[in-house]
Amino acid sequence: MKKLILLLLFSLSTIAGASVSTFKLNITGAEFNLQKQLKLADIGQAPNKINFDFYSKNNQRYNFDLKYKKLPSNRSYPTNLDITIKNSDGKKLGYLFFANNGISALKKLGVFGLMVNINNKIVDFRLTFDKKSGHFDVASLANERLIQDTLVPKFGFQMIRPIIAPLVDKNTRSQTYSLDAHPFEVNYTLKNIANGLVQFQHNLYELKDAKQVLLQRVYFNANSLPVLREAMFASKYFHAKDGVFKLVFYPAMGQIEPY
């Protein structure tokens, strides 16, 4: 009887932990080189929150905060990852709302991340849920519409555009738009990377002396067209002078199967 009870308890614990996933977080840049193994569980289980301080090489303190949330039933996706980067004063530096269809979808995606300009240097927050390979190529995206949406409240500015990114070379599709007369640009880039993957990038640039300075990038890897079409996110960059820049990406209507 004791063996039966122990077996039952073990089985229950195994089932309960079945949807807990381990992922890798890398924080890299000129002043950062940090790697963590972290755990995340589906809604209704723990852990759903991750919060820790991290330090630059000159001992400046920052904070990484991740929450995995259930979305209202009237939203297109059931869950989202909510990632916020702050400095030691609690000032927000970067934010990412990455909508998804559960942790299984994050594993299917494999790799995504947020790059933020902190003190004039880019810091990369890279999340790896799984290592993927495929046979995907930008050549197959000649008719793929992508929707870009940029909002800058201080400027009273919003731009929503469907994009079919043109080939700029055999491995890269890219399209850039200026923010009217303001010295900023937004860019979509899709490029072939190793292992038969395509990396999508949503970039925000500031123009200084006619040169692009990267402020923020949201990126993810896709090994197939359905994976590319499943991604949806909204990010915020907090500019010291011009306030919040909100970058939104979602698939074009009619190009994604209902879930």
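**Entry 1: the largest cavity.** I sorted the residues lining the largest cavity into seven nonpolar, two polar and two charged (Ala, Val, Leu, Ile, Met, Phe, Trp, Tyr, Cys and Pro count as nonpolar, Asp, Glu, Lys and Arg as charged, the others, Gly among them, as polar). I note that this is a predicted model, in which local features need pLDDT of at least 70 and side-chain atom pairs count only at pLDDT 80 or more, while totals for chains, interfaces and linings use all residues. Residues are numbered from 1 along each chain as its sequence is written, and side-chain values use heavy atoms, without hydrogens and water.

I searched the whole structure and found two cavities of 30 Å³ or more. A cavity is a set of points on a 1 Å grid over the protein atoms alone where a 1.4 Å probe fits but cannot get out; lining residues have an atom within 4 Å of a point. For the largest, I recorded a volume of about 90 Å³, the space filled by probe spheres set on the points.

**Entry 2: its lining.** I listed the lining residues, among them F98, N101, K108 and E230. At least two residues each come from β6 (92-100), α2 (103-109) and α3 (225-230); α2 gives the largest share, four residues. Helices (H or I, at least four residues) and strands (E, at least two) are DSSP runs, numbered from the N terminus.

**Entry 3: the sheet.** I traced an open sheet of nine strands, paired antiparallel, in the order β2-β1-β8-β7-β15-β14-β13-β12-β11. Its edge strands, β2 (32-41) and β11 (167-169), each pair on one side only; two strands pair if DSSP finds at least two bridges between them. Within it, β7 (residues 111-118) and β8 (residues 121-128) share eight bridges, and F112 stands opposite L127 in β8.

Note on methods:
On a 1 Å grid over the protein atoms alone, a cavity is a set of points where a 1.4 Å probe fits but cannot get out, and a pocket is an open set with protein on both sides within 12 Å along at least five of seven lines; lining residues have an atom within 4 Å of a point.
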